[in-house]
Amino acid sequence: MKFICDDNLGKLARYLRIMGFDTSFKEPISDSDLLAAAASEGRFLLTRDSHILDKKHPFGVMHLTVDDPPAQIAMVIGSLGIQVRPEDFFSRCSRCNDICHPVKKEEVVDRAFPFILKTQELISECPSCRRLYWRGSHYRRLLDELKSAIPRECVIGSWPE
Ligand SMILES: [Zn+2]
């Protein structure tokens, strides 16, 4: 499932990318441009703007009535009945939506902190922004946030240790 988020839902867009969903996030644009982008890219529209529901839309749209990102995650995943697989999380860059690729430590020795190179086995890189990802404390925190936000019945498989 592919999503597009309006400019009020930047945090939700990042969480959806972390969960592996192809998610487009638009800085302020007009409702008609947002709807046109959703239609041409075949994306399910997530919006905080109830007015957009009045407009014609030949594709799925959900009006999010809550502000808190974890509550928004629960609403999207739960009410759409989406099944997620935590083992597949963290494969997509949360900044630019591209799929990250594993890299060898030797390739990033000039860019990664020595501590990371020493302690992490799995490092991946976004091909667009070159950001490096590893499973450190930030990863644990995000994983815990997602674990408490995603409805249990929507989870396939187990959570990473
Ligand atoms: Zn990136």
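Visitor: Which conventions apply to the model?

Guide: The model is predicted: local features need pLDDT of at least 70, side-chain atom pairs count only at pLDDT 80 or more, and totals for chains, interfaces and linings use all residues. Residues are numbered from 1 along each chain as its sequence is written, and side-chain values use heavy atoms, with hydrogens and water left out.

Visitor: Which residues are the protein donors of the zinc ion?

Guide: Donors are N, O and S atoms within 2.8 Å of the metal (3.2 Å for Na, K and Ca); water is not among the atoms, so sites may look incomplete. Here the SG atoms of C93, C96, C126 and C129 lie 2.1 to 2.3 Å from the zinc ion, and the sequence spacing of these donor residues is C-x2-C-x29-C-x2-C.

Visitor: Why is the arrangement called tetrahedral?

Guide: Four donors count as tetrahedral if all angles lie between 85 and 135 degrees. The angles subtended around the zinc ion are 101 to 118°, which makes the arrangement tetrahedral.

Visitor: Is C126 buried or exposed?

Guide: Buried means under 20% relative accessible area, exposed over 50%, and partly exposed in between (1.4 Å probe, protein chains only). C126 is buried at 0%, whereas C129 is partly exposed at 29%.

Visitor: What does the side chain of R43 reach?

Guide: A polar contact is a pair of N or O atoms within 3.5 Å; within protein, one must be able to donate a hydrogen and the other to accept it, and residues adjacent in sequence count only if both atoms are side-chain atoms. The R43 side chain reaches the backbone oxygen of F3 at 3.1 Å and makes a polar contact with the side chain of E41 at 2.6 Å. R43 itself is buried, with a relative accessible area of 9%.

How values were computed. Four donors count as tetrahedral if all angles lie between 85 and 135 degrees; four count as square planar and six as octahedral if opposite donors are over 155 degrees apart and all others between 65 and 115; anything else is irregular.
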